[in-house]
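Here is a short briefing on a structure. Look at it first, then read the points below.

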Amino acid sequence: MHKNFQKVDGWIKLAVKTKVYSLPTIYAAGYVFMDKAYIYLDPDGADKVAVWLRPKNKKADAETVAAEFCQELLNYAHYFTSLKANAENTKILLQRALFSAAPSLVQEAEEKEIQDLIKELEQEEKKESGKRKK
Amino acid sequence: MSVPFLKKNKGGYSIKFPRSLYPASALLQLKDLYADSDMIVKEKGRYLELSSSSWTAEDCLAVCDSFLYCAKHAVQAK
């Protein structure tokens, strides 16, 4: 038995640190595992979540299923990390794709940006002139 | 099945869920799913206790599945 697994009446309980695996990661891994096991989540102190697993197939080995769940946690942790790292690039690619389909949108976006800059400059000038009067 | 979150009552079984991990929006969705059942929801401190006079232990586990599904989507929607 893995040292982090606790066997309780057909269930395996494992403690997952939320500092290592975020809550969305735990939910995502649990969701994917719903066809293989019953999953129950419970807080385990301030920084851990206890994940209780019971295989749906009575012939399946609970410890093996729990180990597979740990693999899935790692998979989703990597997925969410990559998603976050690539978010800006994905946004740029989508914008390019959108603007290439409708070039007039580029002009509109540029005009709006110029108007926003002009407003910002006007506000700064007002602040400066206000300070000078004092 | 002597796990701390499953309990056999005089009539049927009950299962409790921590409110911090199974949010209120997920509970609303679960209630929709179980609208035709006689599910009773009680607040017991930091936990919600779901029970029904007709539920077996296996029925409680099916609720566990459904609630995780609802919780996952509720967290994703945020």
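In which hand of crossing does α1(B) pass α2(B)? The crossing is right-handed; a crossing counts as right-handed if the near helix is turned clockwise from the far one by less than a right angle, and left-handed if anticlockwise.

This is a predicted model, where local features need pLDDT of at least 70, side-chain atom pairs count only at pLDDT 80 or more, and totals for chains, interfaces and linings use all residues. Residues are numbered from 1 along each chain as its sequence is written, while chains are lettered from A and ligands numbered from 1 in the order in which they are written.

**Two helices of chain B**
- Helix α1 (residues 24-33) and helix α2 (residues 57-77) of chain B pack at about 135°, with axes 8 Å apart. Helices (H or I, at least four residues) and strands (E, at least two) are DSSP runs, numbered from the N terminus.
- Axes are lines fitted to C-alpha atoms, for helices over the stretch in contact, and angles run from 0 to 180 degrees between N-to-C directions.
- α1(B) and α2(B) are therefore oblique to each other. Angles under 35 degrees count as roughly parallel, over 145 as roughly antiparallel, 65 to 115 as roughly perpendicular and the rest as oblique.
- On the α1(B) side, Ser25(B), Ala26(B), Gln29(B), Leu30(B) and Leu33(B) take part; they meet Ser66(B), Phe67(B), Cys70(B), Ala71(B) and Ala74(B) of α2(B). Contact requires C-beta atoms, placed from the backbone, within 7 Å.
- This contact has seven nonpolar, three polar and no charged residues. Ala, Val, Leu, Ile, Met, Phe, Trp, Tyr, Cys and Pro count as nonpolar, Asp, Glu, Lys and Arg as charged, and the others, Gly among them, as polar.

**The sheet of chain B**
- Four strands form an open sheet in the order β1-β2-β4-β3 (chain B), with antiparallel pairing. Strands pair if DSSP finds at least two bridges between them.
- The edge strands are β1 (6-8) and β3 (40-44) of chain B.
- Five bridges join β3(B) to β4 (residues 47-52) of chain B.
- Glu43(B) stands opposite Leu48(B) in β4(B).
- α2(B) lies across β1, β2 (13-18) and β4 of chain B, at about 25° to β2(B).

**Where the chains meet**
- Chain B gives 15 residues to the contact and chain A gives 19 residues.
- The largest share on the chain B side, eight residues, comes from α2(B).

**Chain A**
- Chain A has three helices and four strands.
- Along the sequence, their pattern is β-β-α-β-β-α-α.

Technical notes
Contact = placed C-beta atoms within 7 Å.
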